[in-house]
Amino acid sequence: MKEIEAQQHQGQEAQHEQEVQVSKTLRRVVLTVNFIMMFLGCTASPLLLRLYFVRGGHRIWLSSWIQTAGFPIVFIPLIISYYHRRKTDKHAKPYLITQNLFLSSLGLGILIGIDNLLYAYGVSYLPVSTSSILISTQLGFTALFAFFIVKQKFTACSINAVALLSFGALILGLNSDGDRPEGESKGEYFEGFFMTLGAAILYAFVLPVVELTYTKANQAITYTLVMEMQLVMGVFATAFCTVGMFIAKDFQVIPREGKAFGLGEFNYYQVLVWSAILWQFCFLGIVGAIHYTSALVTGIFLMVLIPVTEVFAIIFFHEVFNSGKGVSLALFLWGFVSYFYGELKANKKKKKKKKQQQLAV
């Protein structure tokens with residue numbers, strides 16, 4: 001009898017070990033997929049958006065709209081998640097989002113729609129290598145807004161990062177003559193410059209507000225819930241831009257613009273469709289990577305993608321990468337390293353404190 005019980009116990013242990021191994025393998029696979037989506041989305045989507053403008057596209061509202069129009073893709077992970085929940089709980093609800101979170105996501109969606117508009121306006125005038133560096137300033141502004149909104153303390157590293165990112169943006173602005181695309185006036189360049197900077201500032205405001213929303217929510221913030229919020233934000237950001245498209249009469253212009261597009265009508269629609277898909281890859285990859293690793297690891301990966309995007313911009317658009325832009329990029333990367341080093345130290349301190357509290361208990 002004891003031998004039978006021992007065998008059953010060994011069998012249960014072996015099954016548990018196998019389940020843990022499968023879970024770890026699945027986690028690695030999902031994480032790899034998220035990093036691939038981040039790489040493709042975060043590097044290719046700005047390039048495709050710039051391609052639209054370089055080859056004869058002019059519709060600002062349309063280019064804002066495609067940044068979130070791929071939101072139906074979010075239904076794929078949500079349906080998979082619901083299917084897994086139903087396996088363990090037959091009475092599982094099809095959604096987790098509450099009314100308050102829905103309303104918060106609605107408001108954030110409108111802000112993201114405005115942010116898309118500012119970014120599209122900026123990219124229409126700026127080279128990708130410049131707009132990518134400028135958008136990176138959001139890290140410094142996020143630290144600033146986080147101090148006021150979620151009471152996140154400033155550290156020597158975060159202050160250093162804000163200073164470096166601000167100085168990098170200043171050098172980039174002073175370097176406008178050597179960076180301005182051919183046939184573009186100085187006024188148009190600076191219009192694009194400040195619109196892109198405005199997009200970085202607005203998105204930097206959105207991030208701590210999202211964090212505050214999570215803090216105020218009276219429920220566990222799971223990957224599924226984050227996806228649902230992402231879907232709601234995508235729907236209302238797209239709705240906001242759709243209204244703008246109707247007012248600007250973009251829908252009537254699209255067929256004419258497609259026929260006159262520099263790469264041909266078929267490629268015109270290809271650019272729009274793939275832009276929408278790749279922007280969603282970017283957002284889904286970031287959310288997934290944060291969930292399965294941390295915001296710190298995700299941020300470091302995004303930092304690595306900045307010079308990659310710069311190289312692609314130089315290869316595909318033959319953009320000039322002068323000394324001023326090089327100094328700006330170096331300052332931005334230094335700012336990133338400083339910020340993430342500070343975050344790493346803070347995380348280590350928190351973990352040490354938590355361990356000490358557990359030992360005391």
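Predicted model: local features only at pLDDT ≥ 70, side-chain atom pairs only at ≥ 80, totals over all residues.
Mentor: Numbering runs from 1 along each chain as its sequence is written, and side-chain values use heavy atoms, with hydrogens and water left out.

Trainee: Which elements give two or more residues to that lining?

Mentor: Those are α1 (2–54), α3 (75–88), α10 (223–247) and α12 (265–292). Of these, α1 gives the most, with seven residues. Helices here are DSSP runs (H or I, at least four residues), and strands are runs of E of at least two, numbered from the N terminus. By that rule the chain has 14 helices and zero strands.

Trainee: How do you know how the lining residues divide into nonpolar, polar and charged?

Mentor: By residue type: Ala, Val, Leu, Ile, Met, Phe, Trp, Tyr, Cys and Pro count as nonpolar, Asp, Glu, Lys and Arg as charged, and the others, Gly among them, as polar. That gives twelve nonpolar, six polar and two charged.

Trainee: What makes D250 and R59 a salt bridge?

Mentor: The rule asks for a side-chain nitrogen of Lys or Arg within 4 Å of a carboxyl oxygen of Asp or Glu. In this pair the closest N and O atoms are 2.8 Å apart, so the pair passes. D250 sits in helix α11 (residues 250–260) and R59 in the loop between α1 and α2 (60–65), so the bridge ties together parts 191 residues apart in sequence. The count for the model comes to one salt bridge.

Trainee: Why does D250 count as buried?

Mentor: Buried means under 20% relative accessible area, exposed over 50%, and partly exposed in between (1.4 Å probe, protein chains only). D250 has 1% relative accessibility, so the label is buried. Across the chain, buried residues make up 43% of the 361 residues.

Trainee: And A161, buried or exposed?

Mentor: Buried, because its relative accessible area is 1%. A161 lies in helix α7 (residues 156–174).

Trainee: Which residues is A161 in contact with, leaving aside neighbours within four places in sequence?

Mentor: G335, S338 and Y339, where contact means heavy atoms within 4.5 Å.
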